[in-house]
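Student: Could you show me how to read a protein structure, one feature at a time?
Tutor: Gladly! Let's look at it together.
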Amino acid sequence: DVSDFINSLAITAQKKQDSFELIKIFQELTGCVPKMWGLSIIGFGQYHYKSAKSSQEGDWPLVGFSPRKAAISLYIYSGSIEQENMLPKLGKFTMGKGCIYIKKLTDINMDTLGNLIHYNIKFLQEKYKS
């Protein structure tokens, strides 16, 4: 259960509050209910990917997040030029290979977050024809 996961994992009241707010935002923008993917990712929607470089394929959420101990990981980034151009407007964050890390929601611009989510969904649906 997504709520149980957040209540058991989010170690601060701020991270718990931000996690539940992110659920509202993602659910509103995607029209999808939150679902646990593995042990720590809350995902919305799904697509089926097939690697062009290997025989690897599977299902993955279109967008999602994880309220990890050090930061909240946002899985909303496909690495496109369009999204790259949005990043300077996002606010305070760091990047990993495929995700954006934030400390708290008040550090980022909500309109830019919404734009990144929308674009990522559009990109994945077009690429994988989901």
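Tutor: Keep in mind that this is a predicted model. Let's begin with helix 4: what covers its buried residues includes helix 2 (13-30), strand 3 (47-50), strand 5 (63-67), strand 6 (72-75), helix 3 (81-86) and strand 8 (100-102).

Student: Which residues of helix 4 are buried?
Tutor: Here is the general idea: an α-helix has 3.6 residues a turn, so residues three or four places apart point the same way. In this structure, the buried residues of helix 4 are Thr112, Leu113, Gly114, Leu116, Ile117, Tyr119, Asn120, Ile121 and Leu124.

Student: Why does Leu124 count as buried?
Tutor: Buried means under 20% relative accessible area. Leu124 has 8% relative accessibility, so it counts as buried. Leu124 and Lys89 are 35 residues apart in sequence, and their C-alpha atoms are 22 Å apart in space.

Student: How many Å should helix 4 span?
Tutor: Helix 4 covers residues 110-128, which is 19 residues, and at 1.5 Å a residue these should span 27 Å. The end C-alpha atoms are 27 Å apart, which agrees.

Student: What should I look for at the two ends of helix 4?
Tutor: At the start, a side-chain oxygen of Asn109 reaches to within 2.9 Å of the backbone nitrogen of Asp111. Just after helix 4, Lys129 takes a positive phi of about 50°.

Student: How many residues are in the hairpin that joins strand 3 to strand 4?
Tutor: Six residues make that link. Strand 3 and strand 4 (residues 57-60) pair in the antiparallel sense over four bridges, and Lys50 stands opposite Glu57 in strand 4.

Student: And how do I read aromatic rings?
Tutor: A pair of aromatic rings is described by the distance of the centres and the angle of the planes. Here the count comes to six aromatic pairs, and Phe26, Phe44 and Phe65 form one aromatic cluster.

Student: What sits over the ring of Trp37?
Tutor: The charged end of Lys35, 4.4 Å from the ring's centre. Happy exploring!

Note on methods
Residues numbered from 1 in each chain as written. Predicted model: local features only at pLDDT ≥ 70, side-chain atom pairs only at ≥ 80, totals over all residues. Heavy atoms only, no water. Expected span 1.5 Å × (residues − 1). Buried < 20%, exposed > 50% of the residue type's maximum accessible area, 1.4 Å probe, protein only. Contact = heavy atoms within 4.5 Å. Polar contact = N/O pair within 3.5 Å; in protein donor to acceptor, adjacent residues only side chain to side chain. Phe/Tyr/Trp six-rings, centres within 6.5 Å; stacked < 30°, edge-to-face > 60°. Lys NZ or Arg CZ within 6 Å of the ring centre and 35° of its normal. Pairing = 2+ DSSP bridges.
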